[in-house]
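Subject: The structure you asked about

Hi,

Here is the structure I said I would send over. Have a look at it first, then read my notes below.

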Amino acid sequence: MDNYQSSNKLILVDYEPNGIATITINRPKSLNSLTKSMMIDLAKEFKKLDGNESVRVVILTGSGRAFSSGVDLTSAEDVFKGDVKNLDEDLVHQMELCRKPIIGAINGFAITAGFEIALACDILIASKSAQFIDTHARFGIFPSWGLSQKLSRVIGSNRAREVSLTARPVNAEMAEKWGLVNHVVDGDELLKKARDVAVAIVRNNEDLVLRYKSVINDGLRLDLGHALALEKSSQLL
């Protein structure tokens with residue numbers, strides 16, 4: 001396995017010869033809270049992996065007890081200041097542009113921005129200790145990475161309103177019941193399960209996997225009639 005570490009070793013990237021790349025948010029003492037530089041590094045890594053033809057699937061996880069506890073509140077002013085975003089440095093935007101399937105391996109807390117990053121993944125696998133928490137309403141910060149719209153499309157509007165307006169955690173069992181995550185496993189089986197799913201994807205036709213992901217995700221933005229037309233037109237490519 002080839003390894004890459006960002007200069008501050010807070011973002012780790014491992015490459016496997018079978019086409020699976022694993023990104024690890026590596027700030028466990030702070031529950032993988034994100035500084036602005038970490039988010040920019042992550043955005044750049046997703047852009048790089050999208051253009052790397054040897055990479056077929058990306059796994060995203062966190063080290064220690066959390067996937068990500070969200071924005072580091074000590075650097076929140078730096079993260080949120082200004083209205084204009086450089087989309088090349090916007091993590092969720094780069095995840096959404098990534099053609100490769102992204103598997104989120106959710107260990108422990110996925111809080112607010114961490115929750116939004118999880119929602120930008122294509123497949124979610126959670127450890128039994130996973131908790132999804134939206135604290136936007138608690139701290140008076142409006143979501144900017146799509147949580148207000150994406151969550152309701154996954155678990156339904158009534159459940160999404162409860163999750164976001166109460167800021168109460170959704171545990172792994174409930175997340176699986178509601179369809180938020182695909183699988184729940186013991187913590188020591190989390191990355192193994194993520195790799196099992198990744199290997200199953202790699203075994204399939206590479207071109208069709210990319211096109212299939214694209215038509216599913218693009219179709220979610222459309223009404224059913226236009227989504228079916230999109231499927232028909234994609235067959236001709």
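To start with, which domains does the domain assignment of the protein chain give? The assignment gives domain 1, covering 11-203, and domain 2, covering 205-236. Keep in mind as you read on that this is a predicted model. Taken over C-alpha atoms, the centres of domain 1 and domain 2 are 23 Å apart. Where the domains touch, 10 residues of domain 1 and six residues of domain 2 take part in the contact.

Next, the spaces in the protein. The largest pocket holds about 1100 Å³, and 36 residues line it. If you want to find its centre on your screen, look for Leu119, Cys121, Asp122, Asn217 and Leu220, which lie nearest to it. Several elements give two or more residues to this lining: α3 (91-97), α4 (113-119), β8 (123-127), α6 (147-155) and α10 (206-219). Of these, α10 has the largest share, with nine residues. Sorted by type, the pocket lining has 20 nonpolar, eight polar and eight charged residues. Both domains join in here too, as domain 1 and domain 2 each supply at least three residues to the lining.

Where does the largest cavity lie? It lies between domain 1 and domain 2, because both of them give residues to its lining. You can pick out the lining by selecting Val55, Arg56, Lys100, Ile201, Glu206, Val209 and Leu210. Four of the lining residues are nonpolar and three are charged, with no polar ones. Once again α10 is the element to watch, giving the most to the cavity lining with three residues.

Now for the aromatic rings. How many aromatic pairs does a search of the whole structure find? It finds one, made by Phe115 and Phe132. Phe115 sits in helix α4 and Phe132 in strand β9 (residues 131-133), so the pair ties together parts 17 residues apart in sequence. Both of these Phe residues are buried.

Thr22 belongs to strand β3, residues 20-25. Is Thr22 buried or exposed? Its relative accessible area is 3%, so Thr22 is buried, the cut-off being under 20%. Apart from neighbours within four places in sequence, Thr22 is in contact with Leu12, Val13, Asp14, Glu16, Ile59, Thr61 and Arg195.

Finally, look at two backbone angles. Thr112 is not a glycine, yet has a positive phi of about 55°. You will find Thr112 in the loop between β7 (109-111) and α4, and at 12% relative accessibility this residue counts as buried. Ala167, also not a glycine, has a positive phi near 60°. The loop between α7 (157-166) and β10 (170-171) holds Ala167, which counts as buried at 4% relative accessibility.

Technical notes
Residues are numbered from 1 along each chain as its sequence is written. This is a predicted model: local features need pLDDT of at least 70, side-chain atom pairs count only at pLDDT 80 or more; totals for chains, interfaces and linings use all residues. Side-chain values use heavy atoms; hydrogens and water are left out. On a 1 Å grid over the protein atoms alone, a cavity is a set of points where a 1.4 Å probe fits but cannot get out, and a pocket is an open set with protein on both sides within 12 Å along at least five of seven lines; lining residues have an atom within 4 Å of a point. Grid points are joined across faces, edges and corners, and a volume is the space filled by probe spheres set on the points. Helices (H or I, at least four residues) and strands (E, at least two) are DSSP runs, numbered from the N terminus. Ala, Val, Leu, Ile, Met, Phe, Trp, Tyr, Cys and Pro count as nonpolar, Asp, Glu, Lys and Arg as charged, and the others, Gly among them, as polar. Domain bounds come from an automatic or database domain assignment. Buried means under 20% relative accessible area, exposed over 50%, partly exposed in between (1.4 Å probe, protein chains only). Contact means heavy atoms within 4.5 Å. Rings of Phe, Tyr and Trp (its six-membered ring) pair if their centres lie within 6.5 Å; planes under 30 degrees apart count as stacked, over 60 as edge-to-face and the rest as tilted.
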